Amino acid sequence: MNQNFRMISLLTYTLKNLPNTSKWALRFCMRPLSSSSQLQAAAASQTKSKKTLAKPNIRNIVVVDGVRTPFLLSGTSYKDLMPHDLARAALSGLLHRTSVPKDVVDYIIFGTVIQEVKTSNVAREAALGAGFSDKTPAHTVTMACISSNQAMTTAVGLIASGQCDVVVAGGVELMSDIPIRHSRKMRKMMLDLNKAKTLAQRLSIISKFRLNFLSPELPAVSEFSTSETMGHSADRLAAAFAISREEQDEYALRSHSLAKKAQDEGLLSDVVPFKVPGRDTVTQDNGIRPSSLDQMAKLKPAFIKPYGTVTAANSSFLTDGASAVLIMAEEKALAMGYKPKAYLRDFMYVSQDPKDQLLLGPTYATPKVLEKAGLTMNDIDVFEFHEAFSGQILANLKAMDSDWFAQNYMGRKAKVGLPPLEKFNNWGGSLSLGHPFGATGCRLVMAAANRLRKEGGQYGLVAACAAGGQVFSICFTCVTDKTSYL
């Protein structure tokens, strides 16, 4: 390759530049997704690791179990609730599932993204509503789509340091009722009116009122630092990696089909029923809708019009839901008679350029967490990646399978490697199950843990991208009678 050649930023092209983009984007063309023989050959080239993931003088930390409310399309059965109602339901479901005594829980942490101003510390309000003692501390974290991942790793830190033995971590999002503010001018006028002491002062302030003061401020859907929506970025990413509309629709159909199959077979065991006040009991996710490629092809582009390839069919949808997991020190869990589902091992947070690499985080984080754990791609039995967009997933797969990308963008000698699709998001993903921003992280971890047990696997890997160009990845091991030392 010409050393003077520098690839123009992947994401600075618009689709009108696609013919120019495709010339170099084809460098990333990965093997056909249906080519199982090639996937097997790639896997065979790596050596199966036997290394233990346990660290000397560090406590083993386990996931005992986890639950979530059914994830619902926003504007449906949860539309009249508040976020703490869903979070409380997740906590109550976890208590019922595990029978853990409330007074044993040392700490509660929840993640959320768009906060309800009346319950800014939603973890505390949900905990009190679920009947936890007012002596049990609780706090809320936010880190975009990996907020509940941050809640879980904060719990890991509290337990590893010896400050806690039992922590509940979770997340919640209610997109059906987002906070909408008055305009800044209107807010300023209202505050000035509140401070005015005389009628003359009030009249003077009111005289400055203009009709445009009434324009509301909606929560931002674009990156603050780049002023670009994530969907727009995903569309440009798909163009940069030469991913067609058909490929994106095919992947979305795969997600919905696998999710439907898992739902019908009762594999989504983390879902707990929720009796919605004034409504019927909700028992399952309602966004799983396998369609056909012909129907999906009829949808118009959602972000870059008229030539974009990202549509409502190949994007995750606005979702309401909550999740919670019970995390313990292993010795505490065993003393209480629990058989944990997984050991939480090495994890990694990585940040990338929010403009040009907003959604490519899994490509960067995966090799780092594997190296930290002493594992290879071939060691992983279960992959669970967050599906924000079909194009985002396929772009990451192409980047991970490209020596050129690894050498020029990651400073690595060789490519990360392609996760075998037979191990990848086998029970559906965020495209089909839904994506309540603050709650998805716990769903990913529990899906991986439950799949490991069901499929007889040993190592699992979770990765999720988030706004701001940040990403989370974790390696963990399944707990069996023979793997307590792992």
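**Close-up views of a predicted model**

**View 1. Thr440 and its contacts.** Apart from neighbours within four places in sequence, Thr440 is in contact with Ser148, His386, Ser430, Gly434 and His435. Contact means heavy atoms within 4.5 Å. Thr440 belongs to helix 16 (residues 440-455). Helices (H or I, at least four residues) and strands (E, at least two) are DSSP runs, numbered from the N terminus. Thr440 counts as buried because its relative accessibility is 1%. Buried means under 20% relative accessible area, exposed over 50%, and partly exposed in between (1.4 Å probe, protein chains only).

This is a predicted model: local features need pLDDT of at least 70, side-chain atom pairs count only at pLDDT 80 or more, and totals for chains, interfaces and linings use all residues. Residues are numbered from 1 along each chain as its sequence is written, and side-chain values use heavy atoms, with hydrogens and water left out.

**View 2. Gly287 in its loop.** Gly287 sits in the loop between strand 7 (281-282) and helix 10 (293-297). Its relative accessibility is 5%, so Gly287 counts as buried. Not counting residues up to four places away in sequence, Gly287 touches Leu73, His256, Phe317 and Ser432. Gly287 and Ser430 are 143 residues apart along the chain, and their C-alpha atoms are separated by 9.7 Å.

**View 3. The second largest pocket.** This pocket holds about 280 Å³ of space. Its lining has 15 residues; His256, Gly287, Arg289, Ala312 and Ala313 lie nearest the centre. Helix 9 and helix 10 are the elements that give two or more residues to this lining. The lining residues divide into nine nonpolar, five polar and one charged. Here Ala, Val, Leu, Ile, Met, Phe, Trp, Tyr, Cys and Pro count as nonpolar, Asp, Glu, Lys and Arg as charged, and the others, Gly among them, as polar. On a 1 Å grid over the protein atoms alone, a pocket is an open set of points where a 1.4 Å probe fits, with protein on both sides within 12 Å along at least five of seven lines; lining residues have an atom within 4 Å of a point. Grid points are joined across faces, edges and corners, and a volume is the space filled by probe spheres set on the points.

**View 4. The largest pocket.** About 1100 Å³ of space lies here. The lining has 36 residues, and Ile114, Ala220, Val221, Ser222 and Phe437 are the closest to the centre. By class, the lining holds 23 nonpolar, 12 polar and one charged.

**View 5. Strand 5 and its partners.** Eight of the eight residues of strand 5 (residues 166-173) are buried. On one side are Val166, Val168, Gly170 and Val172; on the other are Val167, Ala169, Gly171 and Glu173. Strand 3 (residues 107-111) pairs with strand 5 in the parallel sense over five bridges. Gly111 stands opposite Gly171. Strand 8 (residues 319-329) pairs with strand 5 in the antiparallel sense over eight bridges. Ala324 in strand 8 is the bridge partner of Gly170. Two strands pair if DSSP finds at least two bridges between them.

**View 6. The largest nonpolar core.** This core has 49 residues. Among those with the most contacts inside it are Phe241, Leu359 and Phe424. Helix 13 (390-400) and strand 9 (342-351) are among the elements that each supply at least two residues. Helix 13 gives the largest share, six residues. A second, separate core of 41 residues includes Leu72, Ala89, Val105 and Val479. A nonpolar core is a set of buried Ala, Val, Leu, Ile, Met, Phe, Trp, Tyr and Cys residues joined through side-chain atoms within 4.5 Å.
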